[in-house]
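Reader: I am new to this structure and would like to go through it by question and answer. Please show it to me.

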Amino acid sequence: MDVDTDEVSGTVGTGPGDAAAGGDADRAEPAGGGAPIGILAQLKEDVAVNGGLLTPGTHAVVVHRLGAWARSDAAPAWARGTLGRKLGTLGHVVVRNVYGIELPPTTVLGRRVRIAHQNGIVVHPNSRIGDDCVIRQGVSIGAGMGDGERFAKQAPVLGRGVSVGAGAVVVGGVKVGDDAVIGPNATVMTNVKPGVRVLAPPPRMLALPDAVAQRERDARSG
């Protein structure tokens with residue numbers, strides 16, 4: 001699915017650490033417009049959309065929000081200092097090692113992002129994920145290859161309302177348009193237009209030769 005970059009329309013909400021994008025460091029722009037909200041209101045949204053206080057998705061997103069906020073100018077001096085950075089790093093390590101969710105505080109996360117299940121989730125530190133996106137288990141949103149400057153530039157951008165299925169891979173500096181659906185186990189390496197479905201090839205069903213099938217039946221019967 002080869003799409004010209006200029007044809008892709010995708011907008012990304014601003015998270016509390018998106019100072020580089022020119023937004024207010026402790027506020028997020030709502031998906032539907034209106035007044036920005038503060039970090040506490042945003043955390044309340046995160047808890048609600050991720051199923052309550054005790055889910056891995058809530059813990060991962062909240063740790064990310066606080067880590068991004070601690071890096072912003074809006075945070076108090078103690079949060080921006082050594083103590084805040086160490087607490088943020090500790091929270092990130094715990095979420096990564098316990099839940100298997102690698103969500104760096106430098107990733108720009110929109111509002112109401114839902115992490116539906118834990119384990120095997122890796123997100124590029126420079127990626128931008130829009131409002132109301134859903135990420136499921138086994139998802140990789142990252143660089144295809146390279147290190148240093150090349151790695152930094154290979155950060156995918158997800159628009160608003162993007163749904164990413166279990167085991168899907170989005171790699172390189174691609175843009176996924178608003179409301180697109182990336183199906184389970186699909187691999188995305190080019191831009192995706194808004195509203196489209198990207199599906200993995202259907203599995204192949206191969207019958208064993210009769211002789212091989214008979215040997216396996218004989219082995220099972222003992």
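What follows is a set of questions on the predicted model, each with its answer.

Author: This is a predicted model, in which local features need pLDDT of at least 70 and side-chain atom pairs count only at pLDDT 80 or more, while totals for chains, interfaces and linings use all residues. Residues are numbered from 1 along each chain as its sequence is written, and side-chain values use heavy atoms, with hydrogens and water left out.

Reader: How many helices and strands does the protein have?
Author: Helices (H or I, at least four residues) and strands (E, at least two) are DSSP runs, numbered from the N terminus. By that rule the protein has 6 helices and 14 strands.

Reader: What percentage of the residues count as buried?
Author: Buried means under 20% relative accessible area, exposed over 50%, and partly exposed in between (1.4 Å probe, protein chains only). Of the 222 residues, the share that counts as buried is 40%.

Reader: Which helix do the buried residues of helix 1 pack against?
Author: Helix 1 spans residues 39-49, and its buried residues are I39, Q42, L43, E45, D46 and V47. A contact means heavy atoms within 4.5 Å. The buried residues of helix 1 pack against helix 2.

Reader: Which helix gives the most to the lining of the largest cavity?
Author: A cavity is a set of points on a 1 Å grid over the protein atoms alone where a 1.4 Å probe fits but cannot get out, and lining residues have an atom within 4 Å of a point. The largest cavity has a volume of about 70 Å³, a volume being the space filled by probe spheres set on the points, which are joined across faces, edges and corners. Its lining is A60, V63, H64, G67, G88, H92, V95, I101, L103 and P105. The elements giving two or more residues are helix 2 (56-70) and helix 4, and the most, 4 residues, comes from helix 2.

Reader: Which helix gives the largest share of the nonpolar patch?
Author: Patches are made of residues with over 30% relative accessible area and no salt bridge, with nonpolar side chains (Val, Leu, Ile, Met, Phe, Trp, Tyr) joined within 5 Å and like charges within 9 Å; a salt bridge is a side-chain nitrogen of Lys or Arg within 4 Å of a carboxyl oxygen of Asp or Glu. W78, L83, L87, L90, V94 and V98 make a nonpolar surface patch of about 620 Å². The largest share, 5 residues, comes from helix 4 (residues 82-99).

Reader: Is V94 buried, partly exposed or exposed?
Author: V94 lies in helix 4. With a relative accessible area of 42%, V94 is partly exposed.

Note on methods
Areas by Shrake-Rupley, 256 points an atom, 1.4 Å probe, with all protein chains shown as cover. 1 Å grid on protein atoms, 1.4 Å probe; cavity = no way out; pocket = protein on both sides within 12 Å on 5 of 7 lines; lining within 4 Å.
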